[in-house]
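Here is my note on the model you sent.

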Amino acid sequence: MLQLQQVSVAYQSSQVVKAISFTLQAGEIGCLVGPSGSGKTSLLRAIAGFEPVSQGQVLVAGEVVSALGVQQNPEQRQIGVVFQDYALFPHLTVGDNICFGLWRQPKAQQQQKMQQLLQLVGLSGMAGRYIHQLSGGQQQRVALARALAPEPRLLLLDEPFSGLDADLRDSLARDIRGILKQLNITAVMVTHDQHEAFAMADWIGVMAHGSLQQWGTPYQLYHQPANRFVADFIGQGDLIRGDMLDGFQVKTCLGVFQQPQHTGFDAGCAVDVLVRPDDILHDDASPLRAKVLSRAFRGAHMLYQLQVGDFAQGSNEQISCLAPSHHQHQLGEMIGIRVQIDDLVCFARTVNQA
Ligand SMILES: Nc1ncnc2c1ncn2[C@@H]1O[C@H](COP(=O)(O)OP(=O)(O)OP(=O)(O)O)[C@@H](O)[C@H]1O
């Protein structure tokens with residue numbers, strides 16, 4: 001449904017999006033995440049037709065809508081956009097906001113469509129209200145209904161939840177995903193919040209400095225990050241030193257870990273091994289001991305920062321452990337841990353990190 005082939009975007013001479021390619025099938029939701037300035041909005045604007053591409057092409061339903069010398073305007077593309085600030089018309093009612101893009105249709109048809117959409121976004125009975133009479137979450141639902149009204153081929157959402165508080169963001173993201181799936185709408189959302197991306201996306205693209213670092217499912221990004229940047233940006237984790245015993249096994253201060261596929265590193269290579277907090281299980285009976293350096297209460301869980309390795313040898317490796325919060329341990333205490341790494345992720349150790 002949406003295909004990006006080597007898409008670049010430049011402002012004057014500076015290239016801010018660099019040769020990005022990905023594909024979304026009909027009904028799939030993709031999210032672009034990345035730090036501020038990584039080029040997410042510029043890429044979204046190029047897909048929408050608000051910015052030209054400086055290289056590559058964008059295809060919607062197999063048709064080239066952007067390429068060098070080709071620039072369909074946003075209306076021709078039949079793309080709906082939901083902006084960060086909702087961009088609703090304050091002088092119009094909810095109903096009139098939703099009908100705004102339907103002016104070509106007969107009034108009765110507009111009203112019917114509007115009522116259907118209000119029901120879909122959970123705002124039945126609110127057609128007569130003005131925008132300032134709605135909460136932020138309700139306003140965002142109106143913005144979604146307005147973008148969906150002309151039945152776009154593709155929906156683009158630019159940081160749609162950033163003005164809302166954290167609890168509401170998560171639940172609205174899940175609701176909106178449900179609505180888009182119900183309508184089988186293909187969508188691309190930009191966010192810098194990975195939790196939002198996890199709640200919404202079938203596919204996530206991680207961007208840094210204008211380049212796509214990895215395009216994958218949420219599971220792949222978390223468990224099989226392609227590089228250090230993705231490992232660091234997605235989820236929490238620590239890197240500990242490892243030495244490859246062969247292509248499949250690595251020795252660390254937490255023991256030897258292995259995986260059935262070749263790691264890409266040969267015997268003797270010095271690597272860093274990614275350890276996620278959920279790889280570390282707290283177990284008082286375990287002979288593997290770790291020292292509590294700090295702890296942070298997270299409601300159901302306590303996040304412990306632990307020192308591991310041979311302390312006598314001056315090891316200062318640190319990992320995190322997410323333990324049920326009714327296990328209360330003091331700073332400096334030695335606790336038992338077990339390690340359960342299902343996906344082994346190794347990166348070449350760089351000189352300054354040795
Ligand atoms: N109209 C413009 N003219 C010139 N440079 C721009 C323009 N818009 C964005 N940029 C620059 O392009 C780069 C990418 O910006 P962009 O807004 O696409 O990033 P982003 O990842 O969406 O950031 P944020 O999360 O802060 O919105 C930045 O360095 C920005 O300063």
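1. A residue counts as buried if 20 or more other C-beta atoms lie within 10 Å of its own, and as exposed if 12 or fewer do. Leu-306 has 24 other C-beta atoms within 10 Å, so Leu-306 is buried. Please keep in mind that this is a predicted model.

2. Leu-306 belongs to strand β18, which covers residues 301-308. Leaving aside residues up to four places away in sequence, the contacts of Leu-306 include Ala-290, Lys-291, Val-292 and Leu-293. Leu-306 also touches Gln-318, Ile-319, Cys-321 and Ile-337 under that condition. Thr-191 is 115 residues from Leu-306 along the chain, and their C-alpha atoms are separated by 31 Å.

3. Now the overall picture. The protein has 354 residues, and 37% of them count as buried. There are 9 helices and 21 strands. Taken along the principal axes, the C-alpha atoms fill a box of roughly 80 × 50 × 35 Å. Among contacts with a separation of 6 or more, 64% come from residues 24 or more positions apart.

4. Does the length of helix α6 agree or disagree with what its residue count predicts? Helix α6 runs over residues 166-183, which is 18 residues, and at 1.5 Å a residue it should span 26 Å. The C-alpha atoms at its ends are 26 Å apart, so the length agrees. After α6 comes Asn-184, which has a positive phi, near 55°.

5. Which residues of α6 are buried? They are Arg-169, Leu-172, Ala-173, Ile-176 and Leu-180. These residues cover an arc of only 110° around the axis, which means that they lie on the same side of α6. The face turned away from that buried side carries the exposed residues Asp-167, Gly-178 and Gln-182.

6. What do the buried residues of α6 pack against? Their partners are the strands β3 (29-33), β8 (154-158) and β9 (186-190), together with the helices α5 (136-148) and α7 (194-200).

7. Helix α1 should be read with its burial in mind. In α1, 7 of the 9 residues are buried, so the helix is largely enclosed by the rest of the structure. The buried ones are Lys-40, Ser-42, Leu-43, Leu-44, Ala-46, Ile-47 and Ala-48. Gly-49 follows α1 and has a positive phi, near 100°.

8. The ligand comes next. Around it are Tyr-11, Val-16, Gly-34, Ser-36, Gly-37, Ser-38, Gly-39, Lys-40, Thr-41, Ser-42 and His-192. Helix α1, residues 40-48, gives the largest share of this shell, 3 residues. By class, the shell has 8 polar, 2 nonpolar and 1 charged residues.

9. The last point concerns an open sheet. Its 5 strands have the order β2-β1-β4-β5-β6, and their pairing is antiparallel. Strands β2 (14-24) and β6 (70-71) stand at the edges with a single partner strand each, so one side of each has no neighbour in the sheet.

10. How many bridges join β1 to β4? Strand β1 (residues 2-11) and strand β4 (residues 55-60) run antiparallel and are joined by 5 bridges. In one of the bridges to β4, Ser-8 has Gln-55 as its partner.

Key:
Residues are numbered from 1 along each chain as its sequence is written. This is a predicted model: local features need pLDDT of at least 70, side-chain atom pairs count only at pLDDT 80 or more; totals for chains, interfaces and linings use all residues. Two strands pair if DSSP finds at least two bridges between them. Helices (H or I, at least four residues) and strands (E, at least two) are DSSP runs, numbered from the N terminus. A residue is near a molecule or strand if its C-beta atom, placed from the backbone, lies within 6 Å of it. Ala, Val, Leu, Ile, Met, Phe, Trp, Tyr, Cys and Pro count as nonpolar, Asp, Glu, Lys and Arg as charged, and the others, Gly among them, as polar. Two residues are in contact if their C-beta atoms, placed from the backbone, lie within 7 Å. The expected span of a helix is 1.5 Å times one less than its number of residues. The arc is that of the directions from the helix axis to the C-beta atoms.
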